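Please keep the sequence and the structure in view while reading.

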Amino acid sequence: MEKSELEEEWYGLKFDVRRAVRYHQRRRAFFDVLDRGGNLLSLVFGSAAIYGILQDNFRPLAITSAAIVTIWSSVNLVVGSAQKARLHYDLARRFIQLERNLLCEPNEEQYHKVYDERLSIEAEEPPTLKVLDAICYNDTVKAQGLPKERMVENITGWQRFCAHFFDWDFDKLIPPKS
């Protein structure tokens, strides 16, 4: 690999690693909020259920509150938000370590070593949400002070809202011009 080609590939690898860190940090934060919100919901409605049981005229409150806690606990058990938060924390940490390995002067041996490790990490990743990945790509472009032409275009408010749940019209995203 020529020096200029190596520097370009090195920069691209570093950019992709930084984007991956942002992606996994966002996923971890989302699952942390889901887990903590679920715990709060369980606490509030669990307390309401106990209150409803102890009071004579509040049986509907007790039943409704108990149902909400049961449904949320079931959803949280299936989703596994705490475990997913931990997974994304570990993936972000591993990508940060990769970025640390890219802080040296570009050399072909280190490039191949880091690229191989990146592929190893990606093999363990859950499927990527493309819209969220595009949002993280744009965040990385902004953070690096690159021109707006390098950003993915056409990300709507609905896509941002749904980004952690599913890919909404990801095929309508406009890739960067350069």
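With which residue does Glu 99 form a salt bridge? The partner is Arg 18, and the closest N and O atoms of the two residues are 2.6 Å apart. The model discussed here is a predicted one.

**Salt bridges**

Side chains of opposite charge can pair when their charged atoms come close. In this model, a search of the whole structure finds 12 salt bridges. Glu 99 is buried, with a relative accessible area of 18%, whereas Arg 18 is partly exposed at 26%.

Another salt bridge joins the side chains of Arg 19 and Asp 16, with a distance of 3.9 Å from N to O. The cut-off for a salt bridge is 4 Å, so this pair still counts as one. Both residues belong to helix α1 (residues 3–54), where they are three residues apart and thus separated by about one helical turn. Arg 19 is buried, with a relative accessible area of 14%, while Asp 16 is partly exposed at 23%.

A further salt bridge links Arg 118 with Glu 122, whose closest N and O atoms are 2.9 Å apart. These two residues are four residues apart in helix α4 (residues 108–124), which again corresponds to a separation of about one helical turn. Arg 118 is buried, with a relative accessibility of 12%, and Glu 122 is partly exposed at 29%. Through salt bridges that share partners, Asp 16, Arg 19, Arg 118, Glu 122 and Asp 133 are joined into one network.

| Salt bridge | N to O distance |
|---|---|
| Glu 99 and Arg 18 | 2.6 Å |
| Arg 118 and Glu 122 | 2.9 Å |
| Arg 19 and Asp 16 | 3.9 Å |

**Aromatic side chains**

A pair of aromatic rings is described by the distance of the centres and the angle of the planes. How many aromatic pairs does a search of the whole structure find? The search finds eight aromatic pairs. In the pair of Tyr 51 and Phe 58, the ring centres are 5.4 Å apart and the planes are at 55 degrees, so the pair is tilted. Both residues are partly exposed: Tyr 51 has a relative accessibility of 41%, and Phe 58 has one of 35%.

One aromatic cluster is formed by Trp 158, Phe 161, Phe 166 and Trp 168. These residues, together with Phe 165, also form a nonpolar patch on the surface, with about 630 Å² of accessible area together.

**A residue of helix α1**

Is Ile 53 buried or exposed? Ile 53, which lies in helix α1, counts as exposed, with a relative accessibility of 64%. Ile 63 is 10 residues from Ile 53 along the chain, and the C-alpha atoms of the two residues are separated by 8.6 Å.

Key
Residues numbered from 1 in each chain as written. Predicted model: local features only at pLDDT ≥ 70, side-chain atom pairs only at ≥ 80, totals over all residues. Heavy atoms only, no water. Buried < 20%, exposed > 50% of the residue type's maximum accessible area, 1.4 Å probe, protein only. Phe/Tyr/Trp six-rings, centres within 6.5 Å; stacked < 30°, edge-to-face > 60°. Patch = residues over 30% accessible without salt bridge, like charges linked within 9 Å, V, L, I, M, F, W, Y side chains within 5 Å. Areas by Shrake-Rupley, 256 points an atom, 1.4 Å probe, with all protein chains shown as cover.
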